Structure formats: C-alpha cells, structure tokens
Amino acid sequence: MRSSSGRRQVQALPGIWAARSGLLRLFLGDELFPYSAASPLLLDRIAQFLDDPHIDPALARVVIEGRDVAEKALRSRALPS
C-alpha cells in the first residue's frame, strides 16, 4: 500500500480510523503510515491533512508522531556519510 508520495495512505487514514477501535487504530495508524515515502512532499501532504478542523484528535496525534519520524528520517538522510 506504500506509494512514493504517501498520498493514498494519508487519504485513507480517516476511513481506516473510523472503521476500527482501540489499540487496533493505533497499530494500523502506525503500520500504514508511509514512513518509506519520507519526503518534503509527504510532509506537505501531512500538513494539509492536519489543517482539517474536523480530524479526530487521536488520529491527529498518530499522524503528528509519524510526521516527526519522517522529519527525523529526512534530516538523517541529509547528514554526510
């Protein structure tokens, strides 16, 4: 389910979130987050997603945590070898 931009994953998260409950939400939110697509484009998509005033606060937290990991991955890729 992972695409190069993470667009489909980010768009699918609210539906997946609404259809599940409890710890399964957290597990799926983390497992389906497009970490491998970490890029400035993904971070832009996440920012747009988080701009939605109707987003579930718990889902927003999971996405923010994923964003933080993606930001760290981008910073580490930029370090000299």
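Helices here are DSSP runs of H or I with at least four residues, numbered from the N terminus. Being a predicted model, it has local features taken only at pLDDT of at least 70 and side-chain atom pairs only at pLDDT 80 or more, while totals for chains, interfaces and linings use all residues. Residues are numbered from 1 along each chain as its sequence is written, and side-chain values use heavy atoms, with hydrogens and water left out.

**α1 against α4**

- The axes of α1 and α4 come within 11 Å and cross at roughly 130°; axes are lines fitted to C-alpha atoms, for helices over the stretch in contact, with angles running from 0 to 180 degrees between N-to-C directions.
- α1 passes α4 in a right-handed crossing, where right-handed means the near helix is turned clockwise from the far one by less than a right angle, and left-handed means anticlockwise.
- L13, P14 and W17 of α1 make this contact with A58, L59, V62 and V63 of α4, contact meaning heavy atoms within 4.5 Å.
- Sorted by class, the contact of α1 with α4 has seven nonpolar, no polar and no charged residues. Nonpolar covers Ala, Val, Leu, Ile, Met, Phe, Trp, Tyr, Cys and Pro; charged covers Asp, Glu, Lys and Arg; the others, Gly among them, are polar.

**α3 against α4**

- Here the axes of α3 and α4 come within 10 Å and cross at roughly 160°, so α3 and α4 are roughly antiparallel to each other.
- α3 passes α4 in a left-handed crossing.
- From α3, P40, L42, L43, I46, F49 and L50 meet L59, A60, V63, I64, R67, A70, E71 and L74 in α4.
- That contact of α3 with α4 has 12 nonpolar, no polar and two charged residues.

**α1 against α3**

- α1 and α3 pack at an angle of about 20°, with their axes 10 Å apart, which means α1 and α3 are roughly parallel to each other.
- The crossing of α1 and α3 is right-handed.
- R7, V10 and P14 in α1 meet L42, R45, I46 and F49 in α3; by class, this contact of α1 with α3 has five nonpolar, no polar and two charged residues.

**The core**

- The largest nonpolar core has 16 residues, and F33, L42, I46, F49, L59, V63 and A70 touch the most other members. A nonpolar core is a set of buried Ala, Val, Leu, Ile, Met, Phe, Trp, Tyr and Cys residues joined through side-chain atoms within 4.5 Å.
- Two or more residues of this core come from each of α1 (7-19), α3 (40-50) and α4 (57-77), and α4 gives the most, with five residues.
- Leaving out residues up to four places away in sequence, L59 touches L13, P14, W17 and F49.

- F33 is found in the loop between α2 (22-31) and α3, and F33 is buried at a relative accessible area of 2%; buried means under 20%, exposed over 50% and partly exposed in between, with a 1.4 Å probe and protein chains only.
- F33 and E65 are 32 residues apart in sequence and 9.9 Å apart in space, C-alpha to C-alpha.
- W17 lies in helix α1 and counts as buried at 6% relative accessibility.

Conventions. Parallel < 35°, antiparallel > 145°, perpendicular 65-115°, else oblique.
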